[in-house]
Amino acid sequence: AVCSFGLAVNHKYKSGEEWKTDVCFIEITAWAKQAENCAEYLKKGSAVFVEGRLNFQQWETDGQKRSKHEVVAQSVQFLDKREGRGEPY
């Protein structure tokens, strides 16, 4: 099994008197049982801790070179609490 999902990492900082937020979007790919768990339990806005390795891919589509970085997950920890039970998944 394979599961790919996007992770938004927010960075808040103060610029003068105003607070600003930068968002970095990272693609995560999980495999095997970890992928099955991600597909079952994650939803938009879920808090997770991802540990893994960076992978760089290059390809060509319609004559245009494309590339991306992704994290190949070795561990995904679900940080949200189970509904009604107050404990982590």
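1. Let me start with serine 46, which sits in the loop between α1 and β3. Element names here follow DSSP runs numbered from the N terminus, with helices being H or I of at least four residues and strands being E of at least two. This is a predicted model, in which local features need pLDDT of at least 70 and side-chain atom pairs count only at pLDDT 80 or more, while totals for chains, interfaces and linings use all residues. Residues are numbered from 1 along each chain as its sequence is written, and side-chain values use heavy atoms, with hydrogens and water left out.

2. What surrounds serine 46? Setting aside neighbours within four places in sequence, serine 46 is in contact with Tyr41 and Asp80; contact means heavy atoms within 4.5 Å. Serine 46 is buried, at 16% relative accessible area. The classes used here are buried for under 20% relative accessible area, exposed for over 50%, and partly exposed in between, with a 1.4 Å probe and protein chains only.

3. The side chain of serine 46 has two partners worth a look. One is the backbone oxygen of lysine 43, reached at 2.8 Å. The other is the side chain of aspartate 80, with which serine 46 makes a polar contact at 3.4 Å. A polar contact is a pair of N or O atoms within 3.5 Å; within protein, one must be able to donate a hydrogen and the other to accept it, and residues adjacent in sequence count only if both atoms are side-chain atoms.

4. On confidence, the chain has a mean pLDDT of 91, and 91% of its residues reach 70 or more. pLDDT is the predictor's confidence in each residue, from 0 to 100. Within the chain, confidence is lowest in β1, at a mean of 94, and highest in β3, at 96. Where pLDDT is low, the predicted coordinates should not be read in detail.

5. Now the sheet: four strands form an open sheet in the order β1-β2-β4-β3, with mixed pairing. Strands pair if DSSP finds at least two bridges between them. β1 (2–15) and β3 (48–61) stand at the edges with a single partner strand each, so one side of each has no neighbour in the sheet. On average, neighbouring strands of this sheet are turned by 40° against each other, direction ignored. For that angle, axes are lines fitted to C-alpha atoms, for helices over the stretch in contact, and angles run from 0 to 180 degrees between N-to-C directions.

6. β3 and β4 run antiparallel and are joined by 14 bridges. Among the bridge partners in β4 are serine 67, for glutamine 58, and lysine 68, for glutamine 57. The hairpin of β3 and β4 has two residues between the strands, and aspartate 62 takes a positive phi near 50° there.

7. Not counting residues up to four places away in sequence, glutamine 58 touches Arg66 and Ser67. Histidine 69 is 11 residues from glutamine 58 along the chain, and their C-alpha atoms are separated by 9.1 Å.

8. Valine 23 belongs to strand β2 and is partly exposed, at 40% relative accessibility. Beyond residues up to four places away in sequence, valine 23 touches Ala8, Val9 and Asn10. Leucine 79 is 56 residues from valine 23 in sequence and 19 Å away in space, C-alpha to C-alpha.

9. How many salt bridges are there? The count comes to two, where a salt bridge is a side-chain nitrogen of Lys or Arg within 4 Å of a carboxyl oxygen of Asp or Glu. One joins the side chains of glutamate 27 and lysine 68, at 3.0 Å from N to O. Glutamate 27 lies in strand β2 (residues 18–31) and lysine 68 in strand β4 (residues 64–78), so this pair ties together parts that are 41 residues apart in sequence. Glutamate 27 is partly exposed at 29% relative accessibility, and lysine 68 is partly exposed at 24%.

10. Lysine 33 and glutamate 36 form a salt bridge too, with their closest N and O atoms 3.8 Å apart. These residues are three apart in helix α1 (residues 32–41), and therefore about one helical turn separates them. Lysine 33 counts as exposed, at 54% relative accessibility, whereas glutamate 36 is partly exposed, with a relative accessible area of 41%.
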